[in-house]
Amino acid sequence: MNKIESKFGYVSIIGAPNVGKSTLVNSLVGQKVSIVTRKEQTTRNRIIGIFYEGDSQIVMVDTPGIFKAKRKLDRAMVLSAWSSLKDADLIVLVVEANKDIKKNDMVIKHLNAMKGFNKNKLICVINKIDLIQKPSLLSLTKNIQTYIDCKQYFFLSALKRDGIKDLKAYLSNNIPRGQWLYPENQISDITSRLMASEIVREKLMNILHQELPYELAVETEDWNELKDGSVRIDILIYVSKKGQKKILIGSEGNNIKKVGIMARKELEIILEKKVHLFLYVKVQKDWDNNPNYYRTLGLKYNV
């Protein structure tokens, strides 16, 4: 749609780790574009999700959760999150209804300290309202207002899609007039190769949970379209230590088999074709210092 009446805008989704940013983006788009796990700092790169409302094309940037960065990769992730605000037409701050607002101190302090920051762009989404009693929502809003002033407040459950309709309408009505930047019906800018590796990483984090929270990287090594219409995908999983490799593979290969089956089934739904998925585990001590890995994720290496 390239009519002059059309609307186009960027919306940056920010917040502390594990507040439901990726689930919110997936709910707004209407299907999965960003992986979701129970672990904090699941999202490592800026992932774009696109949804359409009437004559509006709204591009959402799902950012890594903002936290105190220690490792090089952590610093690159946090920088990616903050840099997404520069070009945003609207900013959605996501907080949890069932957690103390102080969990968001780092995010809120940074927003309040930003020079030239237009607070009329800032919207607060209070997520996970299904986990609290409804009468407490008013006091929760007043508590948030003592920390930061937002243009509008939305109460919703991204997981159950309660309240999504109102948020979509607001975003659509408050982005500027402009031509659409992406082709009609495109819902993300993530490549199939990156989506494949991200889905494998999601399954690994959900299955391993406590045993191997962050000490791994996943990369699509090879992608071959076969004559019968199916696709062969070879994926490398990097860990830092030999002991981690043993945990990841599991007794008699049970963990890696389970991950492979779950990831393959989901990829077949997304790609709408038969998938032959091969997973390989490799020990690489300094995988998080490899510039190529940062480039794959669209992150800056020299931070």
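Author: Let's start with a term: two residues are in contact when heavy atoms of theirs lie within 4.5 Å. Keep in mind that this is a predicted model.

Reader: Happy to. Which residues does K203 touch, not counting those up to four places away in sequence?

Author: K203 touches K32, V259, M262, A263 and E266. Its place is in helix α6, residues 192-208.

Reader: Does K203 count as buried or exposed?

Author: Buried means under 20% relative accessible area. K203 has 9% relative accessibility, so it counts as buried.

Reader: What is K151 in contact with, leaving aside neighbours within four places in sequence?

Author: The partners of K151 are K119, N120, L122 and Y170. Take N120: it is 31 residues apart from K151 along the chain, yet their C-alpha atoms are separated by 5.4 Å.

Reader: Now the helices. How should I read a pair such as α1 and α5?

Author: Two packed helices are described by the angle between their axes and the distance between the axes. Here the axes of α1 (residues 21-29) and α5 (residues 164-173) come within 10 Å and cross at roughly 80°. That makes α1 roughly perpendicular to α5, because angles of 65 to 115 degrees fall in that class.

Reader: Which residues of α1 and α5 meet?

Author: From α1, L24, S27 and L28 meet I164, L167, K168 and L171 of α5. The residues of this contact divide into 5 nonpolar, 1 polar and 1 charged.

Key: Residues numbered from 1 in each chain as written. Predicted model: local features only at pLDDT ≥ 70, side-chain atom pairs only at ≥ 80, totals over all residues. Heavy atoms only, no water. Axes fitted to C-alpha atoms, helices over the stretch in contact; angles between N-to-C directions. Helix = DSSP H or I, 4+ residues; strand = E, 2+ residues; numbered from the N terminus. Parallel < 35°, antiparallel > 145°, perpendicular 65-115°, else oblique. Nonpolar A, V, L, I, M, F, W, Y, C, P; charged D, E, K, R; others polar. Buried < 20%, exposed > 50% of the residue type's maximum accessible area, 1.4 Å probe, protein only.
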